[in-house]
Amino acid sequence: MIIESFKHNMAAHCESGTLTALIKHKGLEITEPMIFGLGSGLYFGYLSRTPNLSFPMFILRTKPGKLRKKIAKRTDIKFKTQRFKNKDKAEQELDRLIGIGIPVACQVDFYYMDYIPQWERVHANIHFITIVGKEGDEYLISDSYYPKLARIHKDKLRKARFAGGYLAPKGFMYYIESVPESIGYKKLVPLAIKNTINNMIGVQPPFIGVRGIRTFAKKLQGWPKLTRDIDHLSHEVMKINIFLEDQGTGGGGFRFLYATFLRQASEILNNNELDDMSKKMMEIGDGWRNISYFAAKIGKNRDLGPEKLQELGQMINERADAEENFYNELKTVVRNI
Amino acid sequence: MKEKDAYIDYEPQQLIMYVEKEDGTFGPIQTGSYITKNYLDDFWEKMLKLKNSLLEQLKKNEITPIYFYKLIHDFNDVELARRTGIPVFKVKRHQKVKLFRKIKLSDLCKYAYVFDVPVSNLFQAIVVEDNENKAETDASKQPILVKQTRTENPFVVITKIEVNKK
């Protein structure tokens, strides 16, 4: 069976895309940038000492699951979440819900999504998909990163839902119980923006927010010492492009998505200053995109000497300066809403 | 980003980008992946080089199959330990050639499950000469297909080698 009423759409990011699709399915019209913005999803963190990571990495959005938790806290959308120890029970509950026509979001290890091209698939326990049907031994999947509905064998899905390791999904799934008739944007938009400002320029550890961007620029210079050979270094540097553009960011490391949120918020609140800020955020995103192009180019050419890494670090530092100014200005704008 | 600058013609990997459209509004477009379109060959070459180099070391008994697959899957010891449920100190031991011979079959099964390969593949490398050194993006397009099917016996897998008629 398949839940015919569910409308599959691609989205920029899996978590916000899944949330948006489920909320829309329940009858509340909302956009992905609005979900991302209201959930204060924008973030920056440079992780160099996480024991589970084989190489330092940077993150551009809040911890997986936080977006949903914030949306649940800030709006009257009611989510039902479940985790399982028993794999059979997890599958039975999933089947039961699909059987009564409820689309269910599941957290999975991205690697096992075998409908996605091989080169894209990496082990990451932070992917969200929506299960919208089952036919025989196959589940029908709505994945924000895939243009059409996909199919996955039940054994693969089980493996993906119960992969161990960092941020292990433990069979986590959720669905929406109820949505309000409308959302109080006037109150929520300033609250959500203030939260993002705090994440980026508030009192945070040195590896978080704008300080985290500067840490990234600095630590990048030491990457050659952490790699096996030039190919490994090239691979890691080229991943900067993937983290900024391809891994579900909507481009420019989520900055374009956030700019769109600010634009939509300015229209809802009829606030021209927010509109100006949205344009500035779009420009900041363009700067990140230039970084991703540059990283891909020097990685491909194996042009990874200290001067090039310094140049890349300089570009990243410029983004830190631009973002610091931006959030300080945004702080003033939000105070006046 | 302007809409016209965002379009990448690459069907195999599509994604959503948020852009400034012609009329000045901000919104999503569906486009192709820039890095995959321009640099996928480089990625496959690096992977092939890494695999071949690790295979050489494996053949010379300088590394263990656990180390081989750990690098291919980009795990570190802690992550591999958490995924397999095997303690970190044992995972470290299993990567030492001298100690690998003492590994338990039950531990091998746990590794094989996480590496998503049959347990027999931890003791063999299937190399098809026609496919070798081809940085092919899609395994199903290679001239020779190797299909491995699991059986009800967890230690036995059927390996079928056939010419790709596509």
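Predicted model: local features only at pLDDT ≥ 70, side-chain atom pairs only at ≥ 80, totals over all residues.

Reader: OK. How many helices and strands in chain A?

Author: Chain A has 12 helices and 8 strands. Both are DSSP runs numbered from the N terminus: helices are H or I with at least four residues, strands E with at least two. The radius of gyration is 20 Å, close to the 20 Å that the globule rule gives for 337 residues, so chain A is as compact as a globular protein of that length. That radius is taken over C-alpha atoms, and the rule is 2.2 Å times the number of residues to the power 0.38. The C-alpha trace of chain A spans about 60 × 50 × 30 Å along its principal axes.

Reader: And what is the radius of gyration of chain B?

Author: Chain B has 21 Å, whereas a compact globule of 166 residues would have a value near 15 Å. Its C-alpha atoms fill a box of roughly 70 × 40 × 35 Å along the principal axes. Chain B holds 7 helices and 4 strands, in the pattern α-β-β-α-α-α-α-α-α-β-β along the sequence.

Reader: Which domains is chain A divided into?

Author: Domain 1 is 14–30 + 78–178, and domain 2 is 185–335. The bounds come from an automatic or database domain assignment. The C-alpha centres of the two domains of chain A lie 29 Å apart.

Reader: Now the sheet in chain A. What's the strand order?

Author: β3-β8-β4-β5-β6-β7 of chain A, an open sheet of 6 strands with antiparallel pairing. Two strands pair if DSSP finds at least two bridges between them. At the edges are β3 (78–82) and β7 (150–153) of chain A, each pairing on one side only. On average, neighbouring strands are turned by 40 degrees against each other, direction ignored.

Reader: How many bridges join β6 to β7 in chain A?

Author: 4 bridges, with β6(A) (residues 138–142) running antiparallel to β7(A). Tyr139(A) stands opposite Ile152(A) in β7(A).

Reader: Which strands does α1(A) touch?

Author: Helix α1(A) (residues 14–25) packs on the sheet and touches β4, β5, β6 and β8 of chain A. Its direction makes about 45 degrees with that of β5(A). Contact means that C-beta atoms, placed from the backbone, lie within 7 Å. Angles run from 0 to 180 degrees between N-to-C directions, and axes are lines fitted to C-alpha atoms, for helices over the stretch in contact. Another helix, α5(A) (residues 154–161), lies across β4, β6 and β7 of chain A, at about 85 degrees to β7(A).

Reader: At what angle do α1(A) and α3(A) pack?

Author: About 40 degrees, with the axes 9 Å apart; α3(A) covers residues 66–74. That makes α1(A) oblique to α3(A). Under 35 degrees counts as roughly parallel, over 145 as roughly antiparallel, 65 to 115 as roughly perpendicular, and the rest as oblique. Glu15(A), Ser16(A) and Leu19(A) of α1(A) meet Leu67(A), Arg68(A) and Ile71(A) of α3(A).

Reader: Switching to chain B. How do α2(B) and α3(B) cross?

Author: Helix α2(B) (residues 34–59) and helix α3(B) (residues 65–72) cross at roughly 170 degrees, and their axes come within 10 Å. That makes α2(B) roughly antiparallel to α3(B). Residues in the contact include Leu50(B) and Leu54(B) of α2(B), and Phe68(B) and Leu71(B) of α3(B).

Reader: What about β1(B) and β2(B)? What do they form?

Author: A hairpin with 5 residues between the strands; Gly24(B) in the turn has a positive phi of about 90 degrees. 7 bridges join β1(B) (residues 14–20) to β2(B) (residues 26–32), running antiparallel. Glu20(B) stands opposite Phe26(B).

Reader: Last one. How many residues are in contact between chain A and chain B?

Author: 43 residues of chain A are in contact with 36 residues of chain B. On the chain A side, α9 (230–246), α10 (255–269) and α11 (272–300) each give two or more residues. The largest share, 8 residues, comes from α9(A).

Definitions and conventions
Residues numbered from 1 in each chain as written. Chains lettered and ligands numbered in written order. Contact = placed C-beta atoms within 7 Å.
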